[in-house]
Structures are given as structure tokens and as C-alpha cells.
Amino acid sequence: MTSSMMFNIATFSYLVSMLIFFAFLATKVKGVGLAGSLASYFGFIVHTTAIVLRWKESYDIGHGHAPLSNLYESVTFFAWTIILIFGIIDLKYKYRVVGAFVVPFALFGMAWAQLGLSSGIEPLVPALQSNWLLYHVITCFLGYAAFAVACGLSIMYLIKAGQEGSADSTAQAGGVISMFPSIKVLDDLNYKAIMVGFPLLTLGIITGAAWANYAWGTYWSWDPKETWSLIVWFVYAAFLHARITRGWVGKRAAILSIVGFAATIFCYLGVNLVLSGLHSYGGR
């Protein structure tokens with residue numbers, strides 16, 4: 001079996017997981033929620049195997065590099081990190097309903113990669129021929145994944161807070177939203193996810209600067225990717241600063257978390273696909 005076939009199986013598993021989580025929302029049966037988690041775990045195991053197999057395939061055809069060198073590989077790796085962070089939260093807190101708002105991020109990424117991107121294994125461009133590639137990409141995408149989970153939690157928070165503040169909240173008390181964790185828990189999980197993602201993003205920027213110096217002879221050149229990475233860093237730094245010093249919690253924190261993830265997605269995909277610069281190879 002090839003890595004491409006295994007990526008397809010992982011994508012299908014995430015689709016099944018998402019549908020089961022939606023069914024969980026409709027039925028409120030705990031066993032259905034557990035089945036959604038198990039489907040995502042199965043997809044994660046297959047996904048992990050596919051990444052390892054693709055790495056081996058790269059060596060088999062003589063290129064010999066980690067599967068992190070083009071848009072297809074980075075999108076599939078991003079989806080893998082999202083399920084990894086989700087799995088950790090799911091195992092620790094067992095709020096199954098969170099899967100309905102996080103697994104779709106991984107599914108959409110995998111579906112786009114499988115249906116719309118070239119999956120060929122290409123030799124590394126000179127700028128990528130460094131071990132800094134691994135350190136930089138892994139730390140950045142783990143940070144991005146934590147921000148994706150924070151975004152999903154923030155959407156849940158805003159829905160829950162909106163329902164509790166509505167005039168007919170009593171009538172809706174037994175509805176789907178009653179399955180959500182309390183707004184206090186959602187706010188706390190959002191904060192914890194960003195507390196994990198922020199140092200990882202910081203480390204990713206530092207390793208990226210070291211890599212840039214190795215590849216281009218300068219630590220920082222205000223390339224669009226570097227500039228947007230700094231913008232994302234400032235958004236989440238503002239989130240943490242406002243929360244710690246100003247007591248920002250609740251809706252304002254949730255909205256800033258969503259804004260931060262939108263900036264993250266533009267930094268990752270928008271810059272690669274729309275803007276030109278030293279990182280243009282990332283859009284191929």
C-alpha cells in the first residue's frame with residue numbers, strides 16, 4: 001500500500017469521525033461521542049503511518065527528505081498536528097463535543113490536499129536542504145494546530161454565550177448547546193491551547209531565523225512570510241498580555257483567538273498562494 005492510499009483512508013476516517021460527532025450532537029448518546037473519538041484516533045494512526053511511509057518512499061526514489069517540503073506535505077502534516085492536539089485534549093478532558101468543531105479543520109485540510117494539490121515527491125530546493133527544516137516546520141505547525149483547536153473552542157464559546165444570553169435561553173436549555181462544556185471551561189481551554197501554541201510559534205520563528213541565516217545569509221529580511229509570522233506572534237502576545245494584565249476573558253478573548261487563527265491561516269496559506277517572496281516554494 002502506498003502513502004497516498006493511506007492518506008485517503010485517513011481522510012475518510014476523519015470524515016466518518018466528523019459525521020459521528022454531528023450525530024453525537026443530535027442524539028446526545030455518550031457511546032456515539034466515544035465512537036467519534038475512536039474514528040479520529042484510527043485516522044490519526046493511519047495518518048502517522050502514511051507520513052512515515054512517504055518519508056521512506058522519498059528515500060526509495062533517491063530524494064531522501066522528510067515529507068515537509070511542499071504544500072501537499074505541509075497541509076497533510078498540519079492536519080496531523082490538529083488531530084494530535086485534539087487527541088490530547090480529548091483524552092485529558094473527555095469533552096467529546098469539541099471534536100465536532102476541531103476535526104473538520106483536519107478533514108478540510110486533508111480533503112484539499114488529496115483532491116486539489118500535487119502529491120508528487122520532488123527533490124529539495126537548495127533553501128530547504130538543512131536540518132533546520134524539521135525544527136522550524138514541526139514547531140510552527142504544532143503551534144498552528146494549537147491555535148486551530150483554540151479557534152474551535154472559541155466558536156463554541158461564542159455560541160454557548162450567545163445562547164445563554166438570549167431571551168429564550170430557558171427553552172433552549174435542553175438543546176444541542178446544553179452538551180457544550182460551560183463557558184468558563186471553554187474560556188479556560190481556549191487560554192490553555194494558546195499557552196501551548198504561543199511558545200511553539202515563538203520557537204518556530206527563532207528556528208526559522210536560524211534557518212534563514214543558513215540558507216540566505218541573514219536572520220531576518222522582512223519577507224512577507226516573516227512579516228506575517230511576526231503579525232501572528234503579536235496577535236497572540238496581545239491575547240496573553242490582555243488576559244494576564246487586563247483580565248481579558250470571555251467574548252473578547254474568544255474573538256481575539258478567532259482573529260489570531262484567521263491571521264495564522266493567511267500567514268500559512270495566503271502568503272504562500274498570493275504573495276511572492278523567499279517562501280514562494282511553499283505554495284507549490
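Before the first residue, one cut-off: a residue is called buried under 20% relative accessible area, exposed over 50%, and partly exposed in between. Please keep in mind that this is a predicted model.

Take Lys 192 to begin with. Its relative accessible area is 38%, so Lys 192 is partly exposed. Lys 192 forms a salt bridge with Asp 188, with the closest N and O atoms 3.1 Å apart. The two residues both sit in helix H7, 4 residues apart, or about one turn of the helix. Asp 188 has 29% relative accessibility and so is partly exposed as well.

Now to Asp 187, which has a salt bridge with Arg 243, at 2.6 Å from N to O. Asp 187 lies in helix H7, residues 183–216, and Arg 243 in helix H8, residues 224–246, so this pair ties together parts that are 56 residues apart in sequence. Are these two residues buried or exposed? Asp 187 is buried, at a relative accessible area of 9%, and Arg 243 is buried too, at 14%.

Helix H2 spans residues 30–60. There the side chains of Lys 56 and Asp 60 meet in a salt bridge, 2.8 Å from N to O. They are 4 residues apart in helix H2, which means a separation of about one helical turn. Lys 56 is partly exposed at 48% relative accessibility, while Asp 60, at 54%, counts as exposed.

Next, the domains. The protein is divided into domain 1, residues 1–120, and domain 2, residues 128–165 plus 173–283. The contact takes 26 residues from domain 1 and 36 residues from domain 2. The C-alpha centres of the two domains lie 20 Å apart. The size of an interface is often given as the accessible area lost when the parts come together. Between domain 1 and domain 2 the buried area is about 2,600 Å², and carbon and sulfur atoms give 85% of that. The count of salt bridges between the two domains is 0.

Last, the surface patch. Met 1, Met 5, Ile 9 and Phe 42 form a nonpolar patch on the surface, with about 410 Å² of accessible area together. Phe 42 lies in helix H2, and at 47% relative accessibility Phe 42 counts as partly exposed.

That is where I will stop.

Notes
Residues are numbered from 1 along each chain as its sequence is written. This is a predicted model: local features need pLDDT of at least 70, side-chain atom pairs count only at pLDDT 80 or more; totals for chains, interfaces and linings use all residues. Side-chain values use heavy atoms; hydrogens and water are left out. Patches are made of residues with over 30% relative accessible area and no salt bridge: like charges are joined within 9 Å, nonpolar side chains (Val, Leu, Ile, Met, Phe, Trp, Tyr) within 5 Å. Accessible areas come from the Shrake-Rupley method with a 1.4 Å probe; for residues, only the protein chains shown count as cover. A salt bridge is a side-chain nitrogen of Lys or Arg within 4 Å of a carboxyl oxygen of Asp or Glu. Buried means under 20% relative accessible area, exposed over 50%, partly exposed in between (1.4 Å probe, protein chains only). Domain bounds come from an automatic or database domain assignment. Contact means heavy atoms within 4.5 Å. Buried area is the accessible area (1.4 Å probe) that two parts lose on being put together, summed over both.
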